[in-house]
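Reader: I want to learn how to read charge pairs and greasy patches off a model. Can you walk me through it?

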Amino acid sequence: MASCRSSPENEAHEETGKRIVQLQVSLALVQNAGNYKRKIPSDPYGRQPFEHPALEGLENLTDNTKNYITSKNKLSDLAQRYNLQTVLRWSPRMVSQSLSTVLPLQSLTPRMQPDDLTASGLDVVLAHTMYAIIGAIALEKGGQVANKVAQERILSPLGLPVASV
């Protein structure tokens, strides 16, 4: 099982990348309020809630909305579109114990392939890989570049309209 754990550096990159992606999702939800606006039921007493243009997108900032947009399944599908699974160094847990060393996925022969990569955690690994890449970009190139990459390479392909940095 030790081969399935990520290094402390990767975990730090994942956490940083996840924060950057979540920040960009939050900004996009607030800036594009009309795209995700929920209908407010009418009040039985005829009261009207306070409205102001600066507050328009705040009701979109729920954990459910952000988690829906950046779900592990969506990020995993996006990572597969980028073919990240071909360069990933990860040992699926459903592979026999004799193959416990970390191998690139494409080096597994059909006899060694696990029955179900999803059950082995491929979706989670690919989602965390996306976050780790954004975190590594932030470390190497800075936050502005990482924000732009997150917007262009993650949020836009997921269908979230983003404003330029």
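This is a predicted model: local features need pLDDT of at least 70, side-chain atom pairs count only at pLDDT 80 or more; totals for chains, interfaces and linings use all residues.

Reader: What counts as a salt bridge?

Author: The test is a Lys or Arg side-chain nitrogen within 4 Å of a carboxyl oxygen of Asp or Glu. A search of the whole structure gives three.

Reader: Which residue does Glu15 pair with?

Author: Arg19, at 2.9 Å from N to O. Glu15 is partly exposed at 37% relative accessible area. Arg19 is exposed, at 53%.

Reader: How far apart are the closest N and O atoms of Lys148 and Glu152?

Author: They are 3.9 Å apart, and the pair forms a salt bridge. Here too the spacing is four residues, about one helical turn, in helix 5 (residues 143–155). Lys148 is partly exposed at 44%. Glu152 is partly exposed at 45%.

Reader: What about Asp43 and Arg47?

Author: Their side chains meet in a salt bridge, 2.9 Å from N to O. Asp43 has 25% relative accessibility and is partly exposed.

Reader: Now the patch. Which residues make it?

Author: Val30, Phe50, Leu55, Leu58 and Leu61 form a nonpolar surface patch of about 440 Å².

Reader: Where does Leu55 sit?

Author: In the loop between helix 1 (8–31) and helix 2 (63–69). Leu55 is partly exposed, with 37% relative accessibility. A patch residue needs over 30%, so Leu55 passes that cut-off.

How values were computed
Residues are numbered from 1 along each chain as its sequence is written. Side-chain values use heavy atoms; hydrogens and water are left out. Patches are made of residues with over 30% relative accessible area and no salt bridge: like charges are joined within 9 Å, nonpolar side chains (Val, Leu, Ile, Met, Phe, Trp, Tyr) within 5 Å. Accessible areas come from the Shrake-Rupley method with a 1.4 Å probe; for residues, only the protein chains shown count as cover. Helices (H or I, at least four residues) and strands (E, at least two) are DSSP runs, numbered from the N terminus. Buried means under 20% relative accessible area, exposed over 50%, partly exposed in between (1.4 Å probe, protein chains only).
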